[in-house]
Amino acid sequence: MLQYRERQTLAGSSAADEAADGFVPRWYVACTMARHEKQVAAQLAGRAIECFLPLYDEVHRWKDRRKTITLPLFPGYLFVRIPLLERLRVQVLPGVSRLVGFGGLPVALDDLDIERLRQGLATLRAEPHPFLKLGQTVRVKSGPLSGATGILERYREKFRVILSMDLIQQSVAVEIDLCDLEII
């Protein structure tokens with residue numbers, strides 16, 4: 001097998017070719033065992049592998065005290081920046097189950113998406129929320145429509161829930177924040 005520099009000289013490869021060949025570092029999602037995200041991030045840092053573990057603070061309450069605990073924003077996942085050919089350096093770590101992908105190959109994320117996430121988390125407070133997709137049946141958790149069920153849709157950059165009354169075969173669309181909804 002030709003070395004990377006030899007291949008680059010011989011083929012005159014472009015950045016796209018290098019990325020396709022697996023020599024350019026890209027962001028991938030590493031799936032970890034339950035509650036092992038911080039340990040895996042520490043191991044990656046110890047091996048000089050760039051990683052990103054978004055965290056948030058949550059207050060836990062017990063009968064006698066309160067404590068602020070730092071938890072992963074995406075439980076069971078963290079982001080690693082590696083060349084595809086070096087994926088085994090990550091996959092062999094204790095606590096890592098796999099790199100997320102299709103057909104046995106990890107799928108790279110867009111660098112811009114990770115950068116936006118980093119910048120957004122630096123200035124905004126975030127917390128996990130169940131994944132909602134358009135067309136999904138949801139229940140309103142709070143507010144005057146608490147307990148109502150409907151279908152989630154998007155209209156003019158806002159989210160709406162379509163509430164239907166089967167008895168009279170009529171529906172109404174109500175704009176509601178995603179944080180006030182839960183999946184049924």
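Here is a short tour of this chain, stop by stop.

The model is predicted, so local features need pLDDT of at least 70 and side-chain atom pairs count only at pLDDT 80 or more, while totals for chains, interfaces and linings use all residues. Residues are numbered from 1 along each chain as its sequence is written, and side-chain values use heavy atoms, leaving out hydrogens and water.

Start with the whole chain. It has 5 helices and 13 strands, which are DSSP runs (helices H or I, at least four residues; strands E, at least two) numbered from the N terminus. Of its 184 residues, 25% count as buried (under 20% relative accessible area, 1.4 Å probe, protein chains only).

Next, select strands E2, E5, E1 and E6. In that order they form an open sheet of 4 strands with antiparallel pairing (two strands pair if DSSP finds at least two bridges between them). E2 (50–52) and E6 (96–99) are the edge strands, each pairing on one side only. Zoom in on E2 and E5 (residues 77–82), which pair over 3 bridges; glutamate 50 has arginine 81 in E5 as its bridge partner.

H3 (residues 37–46) lies across E1 (26–32), E2, E5 and E6, at about 15° to E5. H5 (residues 111–123) lies across E1, E2 and E5, at about 55° to E2. Angles run from 0 to 180 degrees between N-to-C directions, with axes fitted to C-alpha atoms, for helices over the stretch in contact (heavy atoms within 4.5 Å).

Finally, pick residues 55–61 and 66–72. These are E3 and E4, paired in the antiparallel sense over 7 bridges. They form a hairpin with 4 residues between them, and aspartate 57 has threonine 70 in E4 as its bridge partner.

Notes. Buried means under 20% relative accessible area, exposed over 50%, partly exposed in between (1.4 Å probe, protein chains only).
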